[in-house]
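Okay, thanks for coming, everyone. Let me put the model up and then walk you through a couple of spots in it.

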Amino acid sequence: SSATAPRWGTGSVVLQAISNTGTVNWYDAPTGGNLLGNGNSFTTPPISNTTVFYASAFLAGCTTSSRTAVTASVIPKPQLTYTSPYAMCEESFEVIEVQTTAGILFWYDSPTGTTPIFLGTNFLVPNINQDTTYYAQADFNGCLSDRVPVVVDVYPNPILADETIELCEGETILLDAGNPGMTYLWSNGATSQNIMSDGQTNYAVTVTTPAPESCSKTKNFTIAYNPDPEISNVETN
């Protein structure tokens, strides 16, 4: 008796058994059980795990005294565990983690591509500025998992630019982080969109967009205080 090479994943396996006389019958149990087919070659029903079948010769109402076990070997396909979509902020990098039950993980930029762009379970997404889909697939000694899409959604950062302000000594000004409807954290601990200056020369505010992206950017305010003009002397002629 014999079987073909091990099968990768769920499917049928072709088994062979040859008797010196009579017809070979195939069963699902060493005794009793169900008659599954007959003939020297037997194609199993779809199986997802290694399964033992039993062959017995039949001639004129007489069977062999015992059945011969024939093993149909099945190696399960690697299974991937992943999250999709990922939220990523523009001008940043994101690490995508995909776990496999077996084998090496390959990353592709298309569902049918043959040249991988990365190997490993942790893929560092490059600096991208638009939503992008990557594809992961595990290879375990030639047994391939299903190729799965992993979507990366790219979200914009708050719009901020550093600002320099000139004031006279003793003056104050309302500093505005802009970007209404977000969260704010100033260098002095304030959490409102606007604060009133209090004589310091440097202020910073970090603005964060709502979840799920939670993209943050920091704006710096630099204030230069000009002294009040003073008359140093008066000359008359």
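**A serine and a disulfide**

So, Ser192 counts as partly exposed because its relative accessibility is 34%; buried would be under 20% relative accessible area, exposed over 50%, and partly exposed is in between, with a 1.4 Å probe and protein chains only. Before I go on: this is a predicted model, where local features need pLDDT of at least 70, side-chain atom pairs count only at pLDDT 80 or more, and totals for chains, interfaces and linings use all residues. Residues are numbered from 1 along each chain as its sequence is written, and side-chain values use heavy atoms, leaving out hydrogens and water.

Back to Ser192. You'll find Ser192 in the loop between β23 (183-186) and β24 (194-196); strands here are DSSP runs of E, at least two residues, numbered from the N terminus. What does Ser192 touch, leaving aside residues up to four places away in sequence? That's Tyr184 and Trp186, with contact meaning heavy atoms within 4.5 Å. The Ser192 side chain also reaches the backbone oxygen of Asn194, at 2.6 Å.

Now the cysteines. There's one disulfide in the structure, meaning a pair of cysteine sulfur atoms within 2.5 Å. Cys89 and Cys215 are the partners, 2.1 Å from S to S. That pair links distant parts of the chain, 126 residues apart: Cys89 sits in strand β12 (residues 86-89), and Cys215 in the loop between β25 (202-208) and β26 (216-226). The link is left-handed, at -100 degrees about the S-S bond. Cys89 counts as buried at 16% relative accessibility, and Cys215 is buried too, at 0%.

Note on methods:
Helix = DSSP H or I, 4+ residues; strand = E, 2+ residues; numbered from the N terminus. Polar contact = N/O pair within 3.5 Å; in protein donor to acceptor, adjacent residues only side chain to side chain.
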